[in-house]
Amino acid sequence: MPESQKAANKLYLFSGNLISKTYKMYSKSELIFCPAILFISKYALFFEGGFIIKNEKDVRKVTFVIGTAASGKTYFINQNYVGKDVDILDVFDYQKREYDKAKIKNSVPAGSVFRSLLKAQNDLLDDIIERLRSGRDVVVEQTLFKAKRRVAYIDKIREAVDASIEVYVMRPSDDRLRKNIEEREIDRTLETLKQYADEIEFPNPAEGFDKIYEVRDGVITPRMDEPRPEIVDEAREELVDEAARIQAEDDEKRKRQELLESMNTRPFWHYCEVCGKKEYLTAQEAFEGGWDYPPNMSCVFGVLGPRTCGDCTLVGTLYLKVMTSHKPPIVVESELTPKELETWRRIKGEPESLLD
Ligand SMILES: [Zn+2]
């Protein structure tokens, strides 16, 4: 191994992230005969009689192509990158995968849409970083309308790899957009797509992009607006808030799960809604005593069903009343007696309502 390479390895071990594969070690004598390398000395570090030079060829590039549906992202990528030595990734593939996972029958449950989208974003980011690390350039079809999403991406990429980051923003004319909608039979009006387009916060250099371009009907124009660092500050604050909110939701879900699991073994109050009996029992004790009560196969906490002791039957339960008086069966609070209302509120508040 040449001396210079040994020194580079030593420095690599010493400084961790600072020196990576993208740097090459040159001895002083090599550099004396190579003024071109000295010319890019802003990338050079002096070390033990040699220079560490960032090898420009080894700096990877990630290119984001963003815009609304029908704005021409895929066309732009096909024209400029297909067949080139780059990896092409599309956020839509990641979103589709998450939707398929979350799908119950034909719809995605309301609460999980945001989570699915976020998961897709994060998985795509992981893949981008992995490709860059393995020495590939990457082109990404993305939405990334909001500065905060882009800042989150750029921060993570910069933390992980040394890469040049560019973005192309598709901003077609109305005529072009209208044609795209017709040609691809897209189920959205021009007005709707223009509203989406208005939601795009145009990328600002302060977000950390090396290059920013606007693309209008095939014409590419560099557009580096005046840097606005406050955008990034706000974005970071929003990201911190969002992370805190997600954490709180996760904690809440976990606590609820733990509580539900504890109900299998801990004693809790069993109320017979028919005879009014009230006993502090475990689920096992209640089962042996003939109680019809959650948790069991047919009874779920918080969901309307009979709540009866071993001496009583369905007759006189709120469950039977609701199941036989409405089609479809729904609880109408104004039609309940005070006793039924008490039962109903206790059921809705389960399992917490059974604890003390
Ligand atoms: Zn009873």
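Two residues are in contact if their C-beta atoms, placed from the backbone, lie within 7 Å. By that criterion, among contacts in this chain between residues at least 6 apart in sequence, 64% join residues at least 24 apart. The model is a predicted one.

**The whole chain.** Begin with everything displayed. The chain carries 13 helices and 11 strands. Of its 356 residues, 24% are buried.

**Helix 6.** Select residues 112-133, which form helix 6. Its 22 residues, at 1.5 Å a residue, should span 32 Å, and the end C-alpha atoms lie 31 Å apart, which agrees. Next, colour the buried residues of this helix: Ser116, Gln121, Leu124, Ile128 and Leu132. Viewed down the axis of helix 6, the buried residues fall within an arc of 140°, so they line one face of the helix. Just after helix 6, stop at Gly135, where phi is positive, at about 90°.

**Ile129.** Remain in helix 6 and pick Ile129. Is this residue buried or partly exposed? Ile129 has 19 C-beta neighbours inside 10 Å and therefore counts as partly exposed, since the buried class requires 20 or more. Leaving aside neighbours within four places in sequence, Ile129 is in contact with Lys156, Ile157, Ala160 and Val161. Draw a distance between the C-alpha atoms of Ile129 and Ile157: the value is 6.2 Å, although the two residues are 28 apart in sequence.

**Helix 7 against helix 10.** Two packed helices are described by the angle between their axes and the distance between the axes. Select helix 7 (residues 147-160) together with helix 10 (residues 229-262); they pack at an angle of about 85°, and their axes are 8 Å apart. Helix 7 is therefore roughly perpendicular to helix 10. Show side chains where the two meet: helix 7 supplies Ala147, Lys148, Val151 and Ala152, while helix 10 supplies Ile231, Val232, Ala235, Arg236, Glu238 and Leu239. Sorted by class, this contact comprises seven nonpolar, three charged and no polar residues.

**Backbone exceptions.** Most residues other than glycine have a negative phi, and most peptide bonds are trans. The remaining stops depart from one or other of these patterns.

Go to Glu185, in the loop between helix 8 (174-183) and helix 9 (190-198). Glu185 is not a glycine, yet its phi is positive, at about 50°. With 6 other C-beta atoms within 10 Å, Glu185 is exposed.

Move on to Asp217, in the loop between strand 8 (211-216) and strand 9 (219-222). Phi of Asp217 is near 50°, again a positive value in a residue other than glycine. Asp217 counts as partly exposed, because it has 13 C-beta neighbours inside 10 Å.

Pro295 belongs to the loop between helix 11 (283-288) and helix 12 (318-325).

Finish at Glu350 and Pro351, which are joined by a cis peptide bond with omega at about 0°. Pro351 lies in the segment after helix 13 (338-348).

How values were computed. Residues numbered from 1 in each chain as written. Predicted model: local features only at pLDDT ≥ 70, side-chain atom pairs only at ≥ 80, totals over all residues. Axes fitted to C-alpha atoms, helices over the stretch in contact; angles between N-to-C directions. Helix = DSSP H or I, 4+ residues; strand = E, 2+ residues; numbered from the N terminus. Parallel < 35°, antiparallel > 145°, perpendicular 65-115°, else oblique. Nonpolar A, V, L, I, M, F, W, Y, C, P; charged D, E, K, R; others polar. Expected span 1.5 Å × (residues − 1). Buried ≥ 20, exposed ≤ 12 C-beta atoms within 10 Å, placed from the backbone. Arc of directions from axis to C-beta.
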